[in-house]
Amino acid sequence: MYKWLLAQSLALAVALCWPMPLSIATRAVGHPEGDGPKHLWTLWWMRHGDLGYTRWVNFPDGMPLYPIEPLNGLAALVLPLGVVGLSNVLAMVHLVLLGLCAGWLGWLLTGERGGMHVAAALAQ
């Protein structure tokens, strides 16, 4: 039963991020004037910066700055992907997990496969 939910969530994640999956390591998902660059910078900073303090903001004095995505930052420390590729993979993983969790909630509330799939699709 849940394999169909996983398949649906994967398919919707790919469709919602299209055309990013074609160039997952070179083109970041999102708009350059949106939050995308901030997310990329956070991943870079978590990998290369002095956590909790940075000179890159308020240069040359620097200032305390704490990452807003600490779990994604931990992934940046562990996974050997480039920042753009890592950001795209994390976006896809988040979308798939959103679909799975929403589908599970839909199943708990309705007890129906249809409710599970509709909840997952609407959330994604």
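Biologist: Where is Leu109 found?

Modeller: First, the ground rules. This is a predicted model: local features need pLDDT of at least 70, side-chain atom pairs count only at pLDDT 80 or more, and totals for chains, interfaces and linings use all residues. Residues are numbered from 1 along each chain as its sequence is written, and side-chain values use heavy atoms, with hydrogens and water left out. Helices are DSSP runs (H or I, at least four residues; strands are E, at least two), numbered from the N terminus. Leu109 is found in helix α4.

Biologist: Is Leu109 buried or exposed?

Modeller: Buried means under 20% relative accessible area, exposed over 50%, and partly exposed in between (1.4 Å probe, protein chains only). Leu109 has 68% relative accessibility, so this residue counts as exposed.

Biologist: Which helix gives the most to the nonpolar patch?

Modeller: The patch on the surface is formed by Met1, Tyr2, Trp104, Leu105, Leu108 and Leu109. Patch residues have over 30% relative accessible area and no salt bridge, and nonpolar side chains are joined within 5 Å (like charges within 9 Å). A salt bridge puts a side-chain nitrogen of Lys or Arg within 4 Å of a carboxyl oxygen of Asp or Glu. With four residues, the top contributor is helix α4 (residues 83-110).

Biologist: How do the rings of Trp41 and Trp45 pair: stacked or edge-to-face?

Modeller: Rings of Phe, Tyr and Trp (its six-membered ring) pair if their centres lie within 6.5 Å; planes under 30 degrees apart count as stacked, over 60 as edge-to-face and the rest as tilted. The count by this rule is one aromatic pair. Trp41 and Trp45 have ring centres 5.5 Å apart and planes at 10 degrees, so the pair is stacked.

Biologist: Why are Trp41 and Trp45 separated by about one helical turn?

Modeller: Both sit in helix α2 (residues 36-48). The separation is about one helical turn because they are four residues apart.

Biologist: Which residue does a cis peptide bond join to Trp18?

Modeller: Most peptide bonds are trans. Here omega is about 10 degrees, and the bond is cis.

Conventions
Accessible areas come from the Shrake-Rupley method with a 1.4 Å probe; for residues, only the protein chains shown count as cover.
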